[in-house]
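Subject: Structure handover

Hello,

Here is the structure I said I would pass on. Please open it alongside this email and follow the notes below.

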Amino acid sequence: MTIAATKQFCTFFVGGHYFGVPVLDVQEAIRYQEMTSVPLSSSVVSGLINLRGQIVVAFDLRRRLELPPRSDGAKPMNVVVRHLDGVVSLLVDEIDDVVETDEVTFEPAPATLKGVAREVILGAYKLKNRLLLVLDIEKVLSIEAITSGDGDDNAS
Amino acid sequence: MTLVGELVLARNQVLQFSATQSDPALLSATQQLNLLTSELQESVMKTRMQPIGKLWSKFPRVVRDLAGICGKRVRVQMEGEDTELDKTIIEAIGDPLTHIIRNAIDHGIEEPAIRTRRGKPEEGKLSLKAFHEGGQVNIEISDDGAGINVEKVRAKVLKQGLISPEQLTRMSERELIQLIFLPGFSTAEQVTSVSGRGVGMDVVKTNIEKIGGSLDIHSELGKGSTIKIKIPLTLAIIPALVVTSDSCRYAIPQVSLLELVRLDSEIAFKSVENIHGAPVYRLRGKLLPLVYLSSVLNTGSAQLNQDVASIDIVVLQADKLQFGLVVESIKDTAEIVVKPLGHHLKSASVFAGSTIMGDGKVALILDVVGLAEHAGLASKVEAIAASNLAGIQNDSTEGEKLLLVGVGDNSIAIHLSTVARLEEFPASAIESAGGRPVVQYRHGILPLVDLADFTGGYSAFSQNESPFQVVVCSGPHGIMGLIVDRIIDVVQENIQIQLIGERHGFIGSSIIHNKMTDLLDVHAVISSIDPSFFDEMKEALIGGVR
């Protein structure tokens, strides 16, 4: 078994938590883009952005993780990730860095995790000063989970 | 192809930007760019066009093979093979068409023995027809087979539990036929190598809808069925109308657009009426169900605000259904490039896709059929029809459209087909030419005829200083204005004409809305003016110019 000893993660903050997704899944990270809201869609869908002529759906990670909404005026940033045969954007509070992690410091999510966090968090890397929570992009963007949020509150 | 689409988008952006600039060099450069892009787009489109016959050419063989397997005799007829379609569309409709044809042969056309018993020729007929209509391509596939047995459909749907019995009892025959598009539906008694697996018409329907087309089925038991497919000429770039609702922009494909109606505030609240909470508008005497875009999309206030200056209604055609979409404002028309929505928004049937507007922002494209479904329009229309039956006349679907006008105490009906416009002129506009009253109308001369001369009544027009109503009619020699006292209504009715004495200028009389009404013979009225009148007019005009 030759597993790479280190892995690289693109890290960002959402609601005070420190998350990461494998850097190879990330196409780019960009500043706030103007969005067109999509009525009647799930509340997780924030809107559509124009990414150099390509229309990309933006998902609000705060809503997906059932965290309180961003304070007024705080503009989210986009982490554009590859998913299925296209790209989607994850809205995060702040983009941090690309972090190299040691496989030995990884620990799967504790059984005490509840609800949506249990679904989407694969586990944590114990960094020196904090925990890096690894998101399972497939689960985060699972169509069932997102469309089941349909009609929650469509006010936009 | 996608590149051309992108180019068109980029051009739109440049155009929008240049409109804010005043540099003449930039303007002429953008105009040049605009022209070139349009030409390029056109020629690329042209090269991609292929006749549908190319696709159809394999069908006779498919039909023969299949007919052989099923022990039936089928003749294929084709019409409009040279109808051209975009290459991608030709590719996309190949499988659905084949499926429909297999269905028609397997389920539709009967065995020769049964056919002779039913008094039909032994050989079944399957006809394929393609033609252009209003920016769309229509394909009709019809067979002269057994047709769809509605009872069988009903029983099968119940057995398969696809729909609850309560829902089923409320369905009309037409809706029942549409049930064959349900996933998992099959009427075939047993599964054969040809069909009966339940993966059928729903796949056909989704495939057709995926390329922006629509599918409709008509069937008559014992006579055969016809499937009508409407598909856009091309996928990539479509003309659309841009509207707003709650300050968000939406694009409506122009193929489903019928007309735009704007109601000013004073009349808006009077003319939008309610039938059991469903808003309707009387469009030329027919009730048009209204749908508020903001309430369908759940984005804002569901009801009309009293302080809105005017209402804009976009009259749309969804399948067989017409409805009015009330939007906040109507912006512009634009050529848009359709981009599919991501996997996560597939379930939003209200949207057909998205596009990038001139300013670089994203706008959603409305799916008119989905919108009507989402608004629950089918059920509302039924409610309206029901309340129609209860009260007002409902049998007005057939009959003639008549314009009712009043002259003195008489009411006169004019065939709407002869009426070009209704106008109002101030009394001071009347001038005289060639001894006749005329008005200047659209840079031309409109000769006037006072209808009171024909009714023998007394018209208020000659002395009155107030503005007068004119019905502009088109006749054999040009247009002509009929002076009337008032415009009453437009009705659509089956009239029975009775001749009561022979009077010049009238076809006869009838009772419309409980009132004796004379039916005007417009041609007689116009020709009652010396036919050379118009020539004189011309000469007078030329003389005047000299």
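This is a predicted model: local features need pLDDT of at least 70, side-chain atom pairs count only at pLDDT 80 or more; totals for chains, interfaces and linings use all residues.

Residues are numbered from 1 along each chain as its sequence is written, chains are lettered from A and ligands numbered from 1 in the order in which they are written, and side-chain values use heavy atoms, with hydrogens and water left out.

Strand 18 of chain B

Helices (H or I, at least four residues) and strands (E, at least two) are DSSP runs, numbered from the N terminus. Buried means under 20% relative accessible area, exposed means over 50%, and partly exposed is in between, with a 1.4 Å probe and protein chains only. Strand 18 of chain B covers residues 362-366, and five of its five residues are buried, so the strand is largely enclosed by the rest of the structure. In a regular strand, side chains alternate between the two faces of the sheet. Here Val362(B), Leu364(B) and Leu366(B) point one way, and Ala363(B) and Ile365(B) point the other way.

Two strands pair if DSSP finds at least two bridges between them. Strand 9 (residues 248-253) of chain B pairs with strand 18 of chain B in the parallel sense, over two bridges; Ala251(B) has Ile365(B) as its bridge partner there. Strand 17 (residues 351-356) of chain B pairs with strand 18 of chain B in the antiparallel sense, over five bridges, and Ile356(B) has Val362(B) as its bridge partner. Strands 17 and 18 of chain B form a hairpin with five residues between them, and Gly360(B) in the turn has a positive phi of about 90°.

Helix 10 of chain B

In helix 10 (residues 201-210) of chain B, Met201(B), Asp202(B), Val204(B) and Ile208(B) are buried. Seen down the helix axis, the buried residues fall within an arc of 160°, so they line one face of helix 10 of chain B. The arc is that of the directions from the helix axis to the C-beta atoms. Contact means heavy atoms within 4.5 Å. What covers these buried residues includes helix 5 (87-108), strand 6 (214-220) and strand 7 (224-232) of chain B. Gly212(B), with a positive phi near 80°, follows helix 10 of chain B.

Aromatic rings

Rings of Phe, Tyr and Trp (its six-membered ring) pair if their centres lie within 6.5 Å; planes under 30 degrees apart count as stacked, over 60 as edge-to-face and the rest as tilted. There are five aromatic pairs over all chains. In one of them, the ring centres of Phe13(A) and Tyr18(A) are 5.0 Å apart and the planes are at 40°, so the pair is tilted. Tyr18(A) is buried, with a relative accessible area of 5%. Phe106(A) and Tyr125(A) also form a tilted pair, 4.9 Å centre to centre with 55° between the planes. Phe106(A) is partly exposed at 27% relative accessibility, whereas Tyr125(A) is buried at 2%. Phe9(A), Phe106(A) and Tyr125(A) form one aromatic cluster.

Val484(B)

Val484(B) lies in strand 26 (residues 478-484) of chain B and is buried at 2% relative accessibility. Val484(B) and Leu451(B) are 33 residues apart in sequence and 6.2 Å apart in space, C-alpha to C-alpha.

Regards
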